[in-house]
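These are my notebook entries on what I looked up, one topic at a time. I wrote them for a reader who is new to structures and wants to follow each step.

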Amino acid sequence: MNFVRKFAMTTLLVSSLVLSGCGYNKLQAQDEQVNASWSEVMNQYQRRADLVPNLVSVVQRYAQHEQGVFTQVASARAAAGSIQVTPEMLNDPNAMKQYQEVQAQMTGALSRLMAISENYPQLKADSLFQDLQSQLEGTENRITVARQRYIQDVQGYNTTVRQFPTNLTAMVFGMNPKANFTVENANTISTAPSVNFDNANAHGTKTAAAGQ
């Protein structure tokens, strides 16, 4: 019995050393980090979605005739809320692309909503609107930072999955490359733009970087 126990412990020790040496532990740690980073991305997008009803409500007080914009915002929010990319779906490029698209639509709709204030001085001066505007700007920057972190973590994980000899370990345990955000240039990864909704002409440029 003692021999069997010693043999089992020795086998377990050897297996642990082998798995550690072939990158298994590193892959697991990076996988967990990617999942954590993705959760933060989701949290920040949800934070933005939660601001929308109050924003629409305060804007409607001063701009009741802007129903087209309100409808666009409501539709974009519903579309964004209908797609939840779980950690299990992060290997699916189509799921990631669809998620990006609906969030980009939400960004565009919010940009148009905030631009309304340029035509309504009383709305622009409303203290509640100013507070919500500040919260939205802060959230857009948090989204950018969370996306950057996710992009970097996925790049690290995917590199480990593809490099030899850890690619063999990944193959054995079914650990595939994960889908990532599409980025137009390296600056999008390394620099979090300051989102400012005060100037209607700046909406398309600045929010696109945060929402695509």
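This is a predicted model: local features need pLDDT of at least 70, side-chain atom pairs count only at pLDDT 80 or more; totals for chains, interfaces and linings use all residues.

**Entry: a buried serine.** I began with a cut-off: a residue counts as buried when its relative accessible area is under 20%, as exposed when that area is over 50%, and as partly exposed in between. I then looked up Ser37, and because its relative accessibility is 3%, it counts as buried. I noted that Ser37 lies in helix α2, and that, leaving aside its neighbours within four places in sequence, Ser37 is in contact with Arg149, Tyr150 and Asp153. I also looked up Tyr24, which has its place in helix α2 too, but at 22% relative accessibility Tyr24 counts as partly exposed. The C-alpha atoms of Tyr24 and Met175 are separated by 10.0 Å, although these residues are 151 apart along the chain.

**Entry: confidence.** The protein averages a pLDDT of 81, and 76% of the residues score at least 70. Among the elements, helix α6 has the highest mean pLDDT, 96, while helix α9 (residues 203–211) has the lowest, 37. I marked two stretches for caution: over residues 6–19 the pLDDT stays under 50, and the model has 3 contacts beyond four places in sequence for them. Over residues 184–212 the pLDDT is also below 50, yet this stretch has 67 contacts in the model beyond near neighbours in sequence.

**Entry: the overall layout.** I found 9 helices and 0 strands in the protein, so read along the sequence the pattern is α-α-α-α-α-α-α-α-α. Of the 212 residues, 39% count as buried. The accessible surface comes to about 11,600 Å², and 53% of that surface belongs to carbon and sulfur atoms. I also looked up how far along the chain the contacts reach: among those between residues at least 6 apart in sequence, 80% join residues at least 24 apart.

**Entry: salt bridges.** How many salt bridges does the count come to? I took the rule that a side-chain nitrogen of Lys or Arg must be within 4 Å of a carboxyl oxygen of Asp or Glu, and by this rule the count comes to 3. In one of them, Asp31 is paired with Lys178, and their closest N and O atoms are 2.9 Å apart. Asp31 lies in helix α2 (residues 24–62) and Lys178 in the loop between α7 (166–172) and α8 (186–190), so this pair ties together parts that are 147 residues apart in sequence. I checked burial as well, and both Asp31 and Lys178 are buried.

I turned next to Glu140 and Arg48, whose side chains meet in a salt bridge at 3.0 Å, N to O. This pair also links distant parts of the chain, with Glu140 in helix α6 (residues 127–162) and Arg48 in helix α2, 92 residues apart. Both Glu140 and Arg48 are buried. The side chains of Lys124 and Glu118 meet in a salt bridge at 3.5 Å, N to O. Here I found partly exposed residues: Lys124 has a relative accessibility of 36%, and Glu118 has one of 34%.

**Entry: aromatic rings.** The ring centres of Tyr150 and Phe181 are 5.8 Å apart and their planes stand at 80 degrees, so I recorded the pair as edge-to-face. Because Tyr150 lies in helix α6 and Phe181 in the loop between α7 and α8, the pair ties together parts that are 31 residues apart in sequence. Tyr150 is buried, with a relative accessible area of 0%, and Phe181 is buried as well, with 6%. I then found that Trp38, Tyr45, Tyr99, Tyr150 and Phe181 form one aromatic cluster.

**Entry: charges over rings.** Where does the charged end of Arg147 sit? I found it over the ring of Phe181, 4.2 Å from the ring centre. Likewise, the charged end of Lys178 sits over the ring of Tyr157, 5.0 Å from its centre.

Notes: Residues are numbered from 1 along each chain as its sequence is written. Side-chain values use heavy atoms; hydrogens and water are left out. Helices (H or I, at least four residues) and strands (E, at least two) are DSSP runs, numbered from the N terminus. Buried means under 20% relative accessible area, exposed over 50%, partly exposed in between (1.4 Å probe, protein chains only). Rings of Phe, Tyr and Trp (its six-membered ring) pair if their centres lie within 6.5 Å; planes under 30 degrees apart count as stacked, over 60 as edge-to-face and the rest as tilted. A charge sits over a ring if NZ of Lys or CZ of Arg is within 6 Å of the ring centre and within 35 degrees of the ring normal. pLDDT is the predictor's confidence in each residue, from 0 to 100. Contact means heavy atoms within 4.5 Å. Accessible areas come from the Shrake-Rupley method with a 1.4 Å probe; for residues, only the protein chains shown count as cover.
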